[in-house]
Amino acid sequence: MIKVLNKPFSDDKSLMALNPIIRKWFVSRFKEVTPPQKFSFKLINSGKNVLITAPTGSGKTLSAFIPIISNLLNLADSGELKEEIYCLYISPLRALNNDIYKNLISPINDLYSIEDLIDKKKITIGVRTGDTPQSDRRKQFVHPPNIFVTTPESLAIMLNSPKFIQKFKNLKYVIVDELHEIANSKRGSHLAISLERLVDSVGHDFIRIGLSATIYPLDKAANFLVGTDRDCVAVDASWSKKINAEVFSPSNDLIYTDERKLDNSMYKMINNTIKKNRTTLIFTNTRSGTERLVSNLKTRFGYKDYEISAHHGSLSREERFEVEENLKKGSLKCVVSSTSLELGIDIGSIDNVIQINSPKSITRSLQRIGRSGHSFKDIAKGEIIVNNRDDLVECTVMLYDGLRRKLDAFTMPDAPLDVLAQHIVGMALNKIWDLDLAYKMVKKAYPFRNLDKKDFIALIKYLAGEYVPLRERSVYGKIWFDNDTQKFGKRGRLTRLIYYTNIGTIPDEVAINVYLLGSKRKIGNIEEEFLEKLKKGDVFVLGGKVYKFQRASAADCYVLPANGLKPNIPPWFSEQLPLSYELALDIGAFRKKFSSILNEKNKGSFLYRKSIKEIPLPVKKYLSEFPIDENSKASLYEYIMEQKYFAGFVPSNNMILIEKTIYNDRKYIIFHSLFGRRVNDALSRLFAFIFSDRINEEVGLVINDNGFGITLSKEFSDNEIKSIITEAINLDLKRVIDENIKRTEILRRRFRHAAARGLMILRKYKGHRIRVERQQINAQALLRIIMDMDENFPILKEAYREIENDVMDILHASEILNKIKNSKIKYKIIETNVPSPFSHSLVTMGELDVVATKNKKEYIRKLHKLVMEKIERRKDDNK
């Protein structure tokens, strides 16, 4: 059972739960017990499984370690502290592991300087990651540390080290840090089974402690931590730190303000914040945006390399570490990051956080802003600067929700079969398993609670080599399985080596070479994630020129020149973060409320307003509830008023606006479906399939968080569109998507990822790394065999699940279709002679080479002028 505890224990009760010596030391070193510690000291000491959510600088890490050190001191005091691992600390980040090691060594050394402990056996700490030298590993085996710090991958390897796992025989505590980061990925699924295997290996359970920043829902996070049949107390101290944040716009007119003036205003705002503070952290969402911002700040304001730095995943580990160390020392004025500094790496004291444009998630925005103010009594200060109207709407609602403690939900992969395949091999290496007992153990891991036994048996049979056609591609059995006794175990001498060298869930990636079809001329490179989005005939821009995608091989992509054609795949597509579903619904509700406030007598005043003073009082009163500046209020009013006045309707969370429009001789049907890109990805494929079937030709498709647009060669009447919607809500969405992605690059690439995790293709073999190109060739050959052999093959099934549930969101897409069917979501069909304001970003994606932001803004300005001309004409007609 999961219990959420809101009332903390008193300082006295918390401190009385500690060993007298550490209690005295704690009181002498710290001014007070912090909010998470007021829960954890007593709960952990009493043997409870605990999930602790708390902000940066709140003493969250010590809230877990202090009661554990206290109990280890009790053992030392009685002479029972042995060279054994009592506490296992698991973090997804190697750098975080090193931080914990350093931050624990210092207080333990300080603690043992107390006279009462000088002669006592000292608590020891050790770190094991993939970078740990072999000599240190040998020392850890001979003299195991009491507190052992590691990563999920290193734990999985240790589980198959029969001698070393004996060092865990008296394990009492397991701490999982950064739980909000690890739970929503396959690394979390992998860890969940590792913890169940650890229980099986040591022969007893242990106390589980989860540490997390802001996360929702708490009960689901707690279940991830403890599994399906254990109790847990969830502690929410994540709101103990005050937040002072606001949304800013560089101009009250984001359409017609000159780009240079807009940029100058934005950079002036950023520079003023940097100058006012000792250290500023800036988030940009993308690596390219990070580099561009750093370059501009240096060029415009003369910052030196030692004053400002970039931090993102494309930099080497050494470069990132140097930036982190300089931040801790306080020697940097500013660091600009994509997403890499969201997690709890110790970067010292940050005075202010700036977010450029929308981070697409309430939780993510709070985590980023929460990096400022290193003490729990400090105020977390943040500024969100937006330079386009869609992001302005998003960030207004996002920050409003966040300051009212409303969060978006995290998701986790549901029973990923490729991850399970790895563990089945690992389990077989340790002992002979009864099938039912193995299945029962796996289902204790929360991500696998719904695992179908048929899928489990299919995995066992695949790993036992029972799919004969796979042998021609050198896929041999790694375990044996006896169908009569229902038992399985290890097979072959090389299986252990294969398991050790291919463990993990993060796929290898490669830059894709782009060639002109029929020649050897190389044009450039694209990312694999970008290639996944392409289907034959898609048009995109590379190096300022337009190309049409034809086909791809392992690491090469072949294109034809497409001069004069309009790109339908924006070049930044693979870098975009998707808008969370919960936030999308709240933005829709905001639109609905805003629209209801607008009335007839307001309609027209917006056309000539120059400031917030000219906004009608009811609108001004409503906008005063939101943490936004005056420029933002003016732009918001203008945007939504334009849409309502021009189109007659403002799409919302329970009304989808379907807009028929023509622009540049292209016929568009725009679905204003504000449900986030993952949902719209699924919905758009369904509707594109039906429209394509009706006209018997391919249709164009553009997608973003606010909706999707279909480009067609013919016009459709309202009745035809209604009949298409009726067909859509009665189709099996999964079956349509399965068919849609069957021969696409995304399936080929995701199958390779799943096959590598599921040990069908190897990333390393006998000490040699296998190139990604070779992996892809092997994967595509296997995919062809499996398609002919059994489309329910577990690794292929997992590739489909990953695309449909993790990349797309067919669960919520199906929910939307059902709500349309039950009339809980209405739709309205309108026809416009120029695209309505809310459709401009989609039409721009479908029409323009948008490599340069300037071009995009010019195009939107052009569309906006057409809208305003129509509005002016309508005003004149009504006089």
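View 1. The model is a prediction in which local features need pLDDT of at least 70 and side-chain atom pairs count only at pLDDT 80 or more, while totals for chains, interfaces and linings use all residues. Residues are numbered from 1 along each chain as its sequence is written, and side-chain values use heavy atoms, without hydrogens and water. Strands (E, at least two residues) and helices (H or I, at least four) are DSSP runs, numbered from the N terminus. β6 and β7 (residues 207-212) run parallel and are joined by four bridges; two strands pair if DSSP finds at least two bridges between them. β6 also pairs with strand β3 (residues 87-90), in the parallel sense and over four bridges. In that pairing, Cys 87 stands opposite Tyr 173.

**View 2. The two faces of β6.** In a regular strand, side chains alternate between the two faces of the sheet. In β6 (residues 173-176), Tyr 173 and Ile 175 lie on one side and Val 174 and Val 176 on the other, and all are buried (under 20% relative accessible area, with a 1.4 Å probe and protein chains only).

**View 3. Helices α24 and α26.** The axes of α24 (residues 677-695) and α26 (residues 733-741) come within 10 Å and cross at roughly 80 degrees; axes are lines fitted to C-alpha atoms over the stretch in contact, with angles from 0 to 180 degrees between N-to-C directions. The two helices are therefore roughly perpendicular (65 to 115 degrees). The contact (heavy atoms within 4.5 Å) involves Ala 682, Arg 685, Leu 686 and Phe 689 of α24, and Leu 733, Val 736, Ile 737, Asn 740 and Ile 741 of α26.

**View 4. Tyr 515 and Tyr 558.** The whole structure holds 27 aromatic pairs, counted for rings of Phe, Tyr and Trp (its six-membered ring) with centres within 6.5 Å. The ring centres of Tyr 515 and Tyr 558 are 6.0 Å apart and their planes are at 25 degrees, so the pair is stacked (planes under 30 degrees apart). Tyr 515 belongs to strand β18 (residues 512-516) and Tyr 558 to strand β22 (residues 556-561), so the pair ties together parts 43 residues apart in sequence.

**View 5. Phe 590 and Phe 626.** These rings form an edge-to-face pair, 5.2 Å centre to centre with 80 degrees between the planes (over 60 degrees). Phe 590 is buried at 4% relative accessible area, and Phe 626 is buried at 7%.

How values were computed. Buried < 20%, exposed > 50% of the residue type's maximum accessible area, 1.4 Å probe, protein only. Parallel < 35°, antiparallel > 145°, perpendicular 65-115°, else oblique.
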